[in-house]
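Here is a short note to read alongside the model. Please keep the structure open as you go through the points.

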Amino acid sequence: MVTSNFKPIPYGKHHVDDNDIAAVIDVLQNQFLTQGSAVPEFEAALQDYTGAQYATAVNSATSGLHVACLALGVEQNDLVWTVPNSFVASANCARYCGAKIDFVDIDPLTRNISVTALEEKLAYASAHNALPKVLIVVHFSGLSCDMKEVSTLTQKYGVKLVEDAAHGLGGRYLKGKIGSCEFSDIAVLSFHPVKSITTAEGGAVLTNQKQLDTKIKLFAKHGVTRDPELMEGDSEGPWYYQQLELGYNYRMSDLHAALGKSQLSKLDHFITQRQQLAARYNQALADLPLRLPQHSNLKDSAWHLYMIELTQHERKQTYLRLHEKGIGVNVHYIPVHLHPYYQRLGFKLGDFPNAEQFYQNALTVPLFPTMTADEQDRVIQALNEVLA
Ligand SMILES: *Cc1c(COP(=O)(O)O)cnc(C)c1O
């Protein structure tokens with residue numbers, strides 16, 4: 001039975017304060033609801049924070065990933081690779097373009113793309129004339145992939161590199177921020193409520209390449225331009241616009257952007273909170289029969305999720321017992337290739353054993369910036385009871 005003397009603790013939760021609310025009300029009362037100044041202001045703030053030169057705010061990371069593929073020229077019969085331990089959006093974006101998808105297995109330690117598996121798969125694909133056009137990596141749980149090594153490989157084989165950085169905003173890699181695009185062509189952020197900051201629904205597409213940015217903005221806005229420089233022939237006057245590509249309406253509204261800009265000013269604080277909670281879990285759970293997240297990058301991870309792997313206990317049973325105790329553990333992710341849609345494309349159990357193995361034993365325990373010490377103690381105590 002669920003005991004009713006306390007509220008269940010969710011695995012993740014946004015934090016919206018009075019300043020955020022005021023920022024949205026300000027747009028509602030005083031400004032354009034869309035295509036006003038709030039979106040460019042948010043974009044500029046994202047550039048400033050991540051170090052990327054260009055940012056385009058969109059209505060979700062899913063839209064952003066689609067636009068990233070379009071901007072990189074992904075078409076029918078092209079090949080795109082990603083990792084199986086992600087949300088389905090990381091792979092669906094290629095399918096929206098009619099491209100074929102394939103996966104590279106993960107490193108069990110970092111839970112990010114395995115550089116060794118990537119190296120082998122690229123060499124094999126090169127020998128068989130089957131290289132992908134784009135590789136999409138995921139900074140799983142907010143820990144950056146080894147972008148230096150990954151980009152050395154993709155550059156060697158002429159493969160474009162996209163970062164699905166939905167988990168990564170606020171995290172660091174080497175001297176830069178996740179999202180800087182120092183080692184990639186494009187990075188995509190998500191502002192869904194469980195992510196580092198929220199705009200309710202929303203995302204952003206970052207790049208350091210002007211030509212790509214032009215394409216990203218075109219595809220996110222109907223394929224339409226008002227820039228005479230980009231037009232075919234001459235502009236017919238100040239009212240004139242041209243559709244150059246088959247684009248989409250993936251714009252972010254000013255309401256969402258105002259919320260995003262206000263949230264962004266608190267991002268570093270959120271990340272510090274997450275890092276402190278993660279450090280406390282690392283200590284408190286060290287003696288339980290679990291595999292904890294890799295410790296060495298504690299300071300660099302955005303700690304979007306804190307994931308444990310059970311080593312002696314059955315996952316379903318553990319999940320249910322924790323929920324009975326009001327601990328809202330979750331599971332990330334059902335390997336993408338095992339969803340019925342992807343199995344219909346030919347993938348099957350056994351294709352990517354590391355991701356499958358991780359999924360079998362993984363539990364995401366509650367972690368969010370406003371989590372109190374009391375709440376964390378309840379999680380730790382429940383884990384001690386259930387795993388005793
Ligand atoms: C959340 C998430 C997405 C999708 O983000 P939306 O903004 O909800 O579209 C894509 N990839 C990963 C890895 C995610 O976690």
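1. Start with a term. A polar contact is a pair of N or O atoms within 3.5 Å. With that in hand, turn to Ala61. A polar backbone atom of Ala61 is 2.9 Å from an oxygen atom of the ligand. Bear in mind that this is a predicted model.

2. Asp164 places a polar side-chain atom 2.7 Å from a ligand nitrogen atom. His167 has a side-chain N or O atom 2.8 Å from an oxygen atom of the ligand. On its own, the ligand has 380 Å² of accessible area, and the protein covers 92% of that.

3. Now look at the wider shell. There are 15 residues around the ligand. Those that come nearest are Thr62, Asp164, His167, Ser190 and Lys195. Helix H3 (61-71) supplies at least two residues of the shell, and so does helix H4 (89-96).

4. Where does the ligand sit? Check the pockets: the ligand is in the second largest pocket.

5. Next, find Thr110. This residue is in the loop that runs between strand E3 (100-103) and helix H5 (115-127). Set aside its neighbours within four places in sequence, and Thr110 is in contact with Leu143 and Gln294.

6. Is Thr110 buried or partly exposed? Its relative accessible area is 21%. Buried means under 20%, so Thr110 counts as partly exposed.

7. Thr110 and Ala22 are 88 residues apart along the chain. Their C-alpha atoms are separated by 40 Å.

How values were computed:
Residues are numbered from 1 along each chain as its sequence is written. This is a predicted model: local features need pLDDT of at least 70, side-chain atom pairs count only at pLDDT 80 or more; totals for chains, interfaces and linings use all residues. Side-chain values use heavy atoms; hydrogens and water are left out. Helices (H or I, at least four residues) and strands (E, at least two) are DSSP runs, numbered from the N terminus. Buried means under 20% relative accessible area, exposed over 50%, partly exposed in between (1.4 Å probe, protein chains only). Contact means heavy atoms within 4.5 Å. A residue is near a molecule or strand if one of its heavy atoms lies within 4 Å of it. A polar contact is a pair of N or O atoms within 3.5 Å; within protein, one must be able to donate a hydrogen and the other to accept it, and residues adjacent in sequence count only if both atoms are side-chain atoms. Accessible areas come from the Shrake-Rupley method with a 1.4 Å probe; for residues, only the protein chains shown count as cover. On a 1 Å grid over the protein atoms alone, a cavity is a set of points where a 1.4 Å probe fits but cannot get out, and a pocket is an open set with protein on both sides within 12 Å along at least five of seven lines; lining residues have an atom within 4 Å of a point. A molecule sits in a cavity or pocket if more than half of its atoms lie within 2 Å of its grid points.
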